[in-house]
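Me: I'm new to this structure and would like a close look at one part of it. Could you take me through the aromatic pairs, and then show me the chain around them?

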Amino acid sequence: MADTLDVPEIPHTENVALDPAKTALVVVDMQNDFVADDGSLQVPDARATVPVIAALVARFRAAGARIVFTQDTHRAGDPEFAIWPVHAVEGTAGWAIVEELTPLPEDTVIRKPRYDAFYGTALDHLLRQWGVSTLVICGTVANICVHYTASSAALRWYGVVIPRDAVSALDPFDLAASLRQTTSLLAGRVTTAGGIDVA
Ligand code: ZN
């Protein structure tokens, strides 16, 4: 195996026009443990995405589109803590969504036990009730909870859009691999937050 790998081309879609009645914005795990400097599983690049995501939330809100926040939620002794440091323990400050992105009462918060926001939650049920067919997925970690949620959405035939300036990862290789898979096997679109038109 080669010691170095070239990063393959990741297809980029300049503009993505979306119907606000059929699109939901999914903000994945923007919680203090992943974003804050004292977070137990901090993703250093996540902080820079907060204003980008806040602007996306404002635009989706103005367009009347559904907004979903996922919240990684664990309890003491969770088996995930054999893989990762203890994080997102229900009720702790680290579990809370970052203040700048605090959900409003009309938003939907999905507490999820694993990477995939569909696993063990009512997300699919709600999206179908709402008539949503496309998800714009942002947040962190790009190749973990964002990616598994995008994969699970695509398996259910939802359209997937990833604004690449609104996701963050611990490792640039993992980020590139995730975006590459999103555009190839998930048939998703990778764009920028500014390239999304929901009006
Ligand atoms: Zn977790």
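Reply: Happy to! Searching the whole structure, which is a predicted model, turns up 2 aromatic pairs. Let's look at one of them, formed by tyrosine 115 and tyrosine 148. Their ring centres are 5.6 Å apart and the ring planes meet at 50 degrees, so this pair is tilted; planes count as stacked under 30 degrees and as edge-to-face over 60.

Where do the two partners sit? Tyrosine 115 is in the loop between β4 (108–112) and α3 (123–130), while tyrosine 148 belongs to helix α4 (residues 142–155), so the pair ties together parts 33 residues apart in sequence. Tyrosine 148, at 43%, counts as partly exposed.

Now let's step back to the chain. It has 5 helices and 9 strands, which follow one another from the N terminus as β-β-α-α-β-β-α-β-α-β-β-α-β-β. Its radius of gyration is 16 Å, close to the 16 Å that the globule rule gives for 199 residues, so the chain is as compact as a globular protein of that length. Its C-alpha atoms fill a box of roughly 50 × 40 × 30 Å along the principal axes.

Of the 199 residues, 52% are buried. Among contacts between residues at least 6 apart in sequence, 76% join residues at least 24 apart.

Methods: Residues are numbered from 1 along each chain as its sequence is written. This is a predicted model: local features need pLDDT of at least 70, side-chain atom pairs count only at pLDDT 80 or more; totals for chains, interfaces and linings use all residues. Side-chain values use heavy atoms; hydrogens and water are left out. Helices (H or I, at least four residues) and strands (E, at least two) are DSSP runs, numbered from the N terminus. The radius of gyration is taken over C-alpha atoms; the globule rule is 2.2 Å times the number of residues to the power 0.38. Buried means under 20% relative accessible area, exposed over 50%, partly exposed in between (1.4 Å probe, protein chains only). Contact means heavy atoms within 4.5 Å. Rings of Phe, Tyr and Trp (its six-membered ring) pair if their centres lie within 6.5 Å; planes under 30 degrees apart count as stacked, over 60 as edge-to-face and the rest as tilted.
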